[in-house]
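Colleague: I would like to learn how to read salt bridges and pockets. Can we work through a case together?

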Amino acid sequence: MRKDYKLEKRKYVIAAFLIIIAIIYGFRLYDLQIRDTRYKDFADNNAFFKKTIYPSRGLIFDRNGELIVFNQPAYDVMMIPRDVEPFDTLDFCNTVSLTREQFDKRLADMRRAPGYSSYTPQVLLTHLSVEDYGRLQEKLYRFPGFFIQKRILRQYNHLTAANVLGNIREVSPADIERDPYYAPGDYCGDLGVEKSYNDALRGQKGFEILVRDAHGRIQGRYEDGARDIPAISGRNLTLSIDYRLQEYAESLMVNKIGAVVAIQPKTGEILAMVSSPTYDPSKLSGRQRGLNYRELVNDKFKPLFDRSLMGVYPPGSTFKPGQGLILLQENIVNLSTAYPCFHGFISGGLRVGCHGHGSPIPLKPALQTSCNAYFCWGFKSLVDNHRSKYGSTAEAFETWKRHLVSMGYGYPLGTDLPSEGRGFLPNAEFYNKIYGKNRWSANTIISVSIGQGEILATPLQIANVAATIANRGWFITPHAVKEIEDSTIAEKYTTRTYPTIDSKWYPEIAEGMRMAVLGGTCRLANLPDIAVAGKTGTAQNPHGRDHSAFIGFAPYEDPEIAVCVYVENAGFGAAFGVPIGSLIIEKYLKGEISPERKYIEDNMLNSNTIIYSGVKKH
């Protein structure tokens, strides 16, 4: 009898088909019973209630141990929709100070929120007042499915440094997707150190496992709490900020737009960081946070915009000390090289104005008098007259730029606060696109030599250059946090950075800045018993009045503070930048303003330059 090969093949096909079906069922059973925990979760939710215990957020102190930010208990009204039974809605609304319309809207918003589940706790109402909490606690038995979740609310001992501190907000769906730690209704840091040190401040959540009866009512703790996980409090932060100096600097900047940054040169610690106008940090805490946030966003003077960290400005003549360092380093000038100044820089048909002083003038007196012509001639010599050294105008310009980048211009410094601006330094390609390759020269872009034109920097970057000169050739990346409880700060906040300029040139530039205080454009910064070095800046502003700027450090021989002041639309650097900077230096080093300088303090406290500002984008 002949073998039926077709039947034989069919047998194997059927066997293979059955094996495949068995494998599919096996994988599906594995998925349902092992990998997919939904059904187990549903069963557990019927028998247990896993209640989140939120940790206490870390406290924030200033550099002297003064408590700045602490916690107060806050209460959220939570509900598990599937556990809710018919209840007196009007009584509930009256108890928690809600209208019926507000209650219905909150329910609708809750159900539309990503991740909504009727089996899991949902936030109905946040930041219950103490009075409402007391009333609801007494009546809670009337509202099955509702419970109170204890959280924390940030409180402030001093209404200062809002831009440094930041605030906390409810997490967004993007936050939840990015970090599995979070669940709907949780809070995270928003702006300032609350954001950048959020992982340290937030701590670790704990859990209580409670037992339900057949009707879903809580009967007590499972195994007497043996399976509970305690919450771990967040770590405390000690800021480098001196809150007294911060408050004082903020008071000097009232009715002004601009920024103040003060740094301790030896450590890179930020002593004060003012963005003006500022705001009360407590406005972004509690139930009114959303309303207050919208008001701040819509404020035409943009108080939420941190001008000290994110504002980019033409540095003006505060740029000249860095220019002097580059000219010395590249051997374009020596300390005796003098350039003419006929009330400005004149080259062909080009003229850059300057005020009256002696001529020709060498480097240190040029810093003392803030001579524009000197730095224009020096830049022209580097870019145009040394092509044999660099090969081309473009390469000479790139060499100039590389030195500036090493000083901290053009890129974020890497501070520990979020959203740091980078400023702007053009490169040769930038000008090639505008003017054409090999079709531009120093005269074409001469304004960059005095910190104008396309040059933009943040007040933090400008202050860092002052700190570098104070240290005579190195800096530590500026940072606002001095210590983290039971931890260490990042290595870059303790490591020195050396620019590409030989350290031997810094004392010469520092001496020129000292001369500016003793008998130059910074005379108002001259303190009788503190040796101050400084440099003014008057930055041209195409939108209105010029900006007033100042950098300085003191004491001259062993600096403890370096400062940058930038006041928008305030005119000459000596008008506002110098007096505000000198008052901040004096206040930090002496603790008070001497009687003979009180008139300067009064003038700055009571002056108003915001009236000269337009509403601008930064």
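**Reading charged pairs and a pocket**

Modeller: Aspartate 104 is partly exposed, with a relative accessible area of 35%. Keep in mind that this is a predicted model.

Colleague: Which residue does aspartate 104 meet in a salt bridge?

Modeller: The general idea comes first. Side chains of opposite charge can pair when their charged atoms come close. Here, aspartate 104 pairs with arginine 100, at 3.1 Å from N to O. The two are 4 residues apart in helix 4, so about one helical turn separates them. Arginine 100 is partly exposed too, at 43%.

Colleague: Are aspartate 186 and arginine 151 buried or exposed?

Modeller: Both are buried. They form a salt bridge, with the closest N and O atoms 3.8 Å apart. This pair links distant parts of the chain, 35 residues apart. Aspartate 186 sits in the loop between helix 7 and strand 7, and arginine 151 in strand 5.

Colleague: How many salt bridges does the structure hold?

Modeller: It holds 30. Some share partners: Arg169, Asp175, Arg178, Asp190 and Arg289 join into one network.

Colleague: Now the largest pocket. How many residues line it?

Modeller: The lining has 39 residues. They divide into 18 nonpolar, 12 polar and 9 charged. Among those nearest the centre are Arg106 and Glu170. The volume is about 1,200 Å³.

Note on methods: Residues numbered from 1 in each chain as written. Predicted model: local features only at pLDDT ≥ 70, side-chain atom pairs only at ≥ 80, totals over all residues. Heavy atoms only, no water. 1 Å grid on protein atoms, 1.4 Å probe; cavity = no way out; pocket = protein on both sides within 12 Å on 5 of 7 lines; lining within 4 Å. Points joined across faces, edges and corners; volume = space filled by probe spheres on them. Nonpolar A, V, L, I, M, F, W, Y, C, P; charged D, E, K, R; others polar. Salt bridge = Lys/Arg side-chain N within 4 Å of Asp/Glu carboxyl O. Buried < 20%, exposed > 50% of the residue type's maximum accessible area, 1.4 Å probe, protein only.
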